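Visitor: Hi, could you walk me through this one? I'm new to reading structures.
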Amino acid sequence: MNRRDFLGIGATASSLLGPTSASLLAACATRGTRLAELQVASSWPLYRPEFVSPEGLTLTARHATVEIARGVSSPILTWGDGPVGPTIEARTGQRATIVMQNELDEPTIAHWHGLRPPESADGHPRLQVGRGERYVYEFVVREPAGLYWYHSHAHARTAPQVYLGLAGLFVVRDDVEKALDLPSGPHELTIVLQDKRQDAAGRLAYVPVGHDLMEGFLSDGPFVNGVRFPRIEVEAARYRLRVLAAANARIFRLGLSTGTPLTLIGGDAGLLDAPVEVPSIDLGTGERADLLIDFAGHEPGTVVRLRSLPFRSPGGMGMGGGMMGRGRMMMGGSGASAQGAELDLAEFVVTRGGPRSRPAPSRLATLERLPRSSAARERTFRFDSRMMMHTINGRRFEMERVDERVPFGAIEIWRFINDGPFPHPVHMHAVHFQVLSRSGGRARVFPWERGWKDTVLVFPGESVDVIARFDSHRGMFLLHCHNLEHEDMGMMMNFQIE
Ligand code: C2O
Ligand code: CU
Ligand code: CU
């Protein structure tokens, strides 16, 4: 693209999209690099993966080249045709029969994050298969309506594979959700949030060095459904926005540029008992939020940006933390924004009027509460990062070592303590849990942590108690940090339900 074409696109974009694009354009004009031009010109429609059934599904992991921004193609890994995998849509109780065919140059395995299939279908890295091989999954989807996801769980290669595209959404529906008559069809949006670095030609570049392996791989490029900073056209109506945080390391503090509060209706593993309004929501890798956003009352042409608001991040670059204000705090030469930096993620552009919004239902789902007193025992897990090592209780992952044994059916409290300088989104396979308490650090349980979850953010200095019933299946399952670099470097352990 030559400079003149670029300005042409920029001018059109800025008249449509308002002052921010214009100032971005100005900023890029002074930076003058090809990459900057590509970034400005990338207001590109949201990629919407096709919906597929879990019955008789084949997912082929393969190399492909796709457009990730307007006029920018990149080699990626994919489970379909696009920069994120097809969205699997299932009913509670439905059987899943899925063949994962590996056409990559390296081993891989798919894991169904938030679902609780038997051990043989859970995608443990010891089950990974090589090029030309396949893995057959058979399980019953037993989870309540919610936004789950699937991703590569390749041994020590999860970070690059997920980064390059091996992730997709798994939507489960049930009658409870149906009776609520939430916005659906074109008024239901499902999005995957990530951040990625691009090289000078705009291709995705996963080359972690030094600090990337300690804090995790942070980037400055916002990617939604695998496309850089997309434009999402909406009607002036109420939408259901379902969000998965799936960056390698970035934590998103999700909010809107208008400052309008978000109506939260669900979390990781299903609906909350009642909606709650919050100014913003913190999501670590693996966490999900189910939101209602009302664009009613906005004139056509209005632009509302979805952004990650700045927050104080302890441990970033060994600076002892700091508030990241407006504008990007770049980390030495890596082209990454610091953890906690403000980041625009996507633009909603109101294109026309829509149906009148019905009020949000006041009651959602019935949540069984597991009281602290129901637990048979407590276990403590200390997460630490030092000297290029990420450990749980002082140990790194070993494929076949069983670190904890839990009786089938037991209710237990697991305490996650962060002794190190980086946040850890702690994830458990095989169970859903409830967050009982958080002490130290932020010292509270947030509204988005009130429902059933499978991943919880544990900031430095925090101790988080979760409670779970281990009654899905017997077998060996994983507990790990979902920061993908931490995970690949061994911040993971096996527990055996027996
Ligand atoms: Cu999202 Cu062990 O995985
Ligand atoms: Cu998982
Ligand atoms: Cu971690």
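Guide: Let us start with a term: a residue is buried when its relative accessible area is under 20%, exposed when it is over 50%, and partly exposed in between, using a 1.4 Å probe and protein chains only. This is a predicted model, where local features need pLDDT of at least 70 and side-chain atom pairs count only at pLDDT 80 or more, while totals for chains, interfaces and linings use all residues. Residues are numbered from 1 along each chain as its sequence is written, chains are lettered from A and ligands numbered from 1 in the order in which they are written, and side-chain values use heavy atoms, with hydrogens and water left out.

Visitor: Okay, which protein donors does the copper ion have?
Guide: The copper ion (ligand 2) has His-111 (NE2) and His-427 (NE2) as its protein donors, lying 1.9 Å from it; donors are N, O and S atoms within 2.8 Å of the metal (3.2 Å for Na, K and Ca), and water is not among the atoms, so sites may look incomplete. The two histidines come from distant parts of the chain, 316 residues apart, with His-111 in strand 6 (residues 110–113) and His-427 in strand 26 (residues 424–428). Strands here are DSSP runs of E with at least two residues, and helices are runs of H or I with at least four, numbered from the N terminus.

Visitor: Is His-427 buried or exposed?
Guide: His-427 counts as buried because its relative accessible area is 1%, and His-111 is buried too, at 1% relative accessibility.

Visitor: What is Asp-122 in contact with?
Guide: Leaving aside neighbours within four places in sequence, Asp-122 is in contact (heavy atoms within 4.5 Å) with Ala-110, His-111, Trp-112, Pro-117, His-429 and Phe-477. Asp-122 itself lies in the loop between strand 6 and strand 7 (134–140).

Visitor: New topic: where is Val-66?
Guide: Val-66 is in strand 2 (residues 55–69), and it counts as buried because its relative accessibility is 9%.
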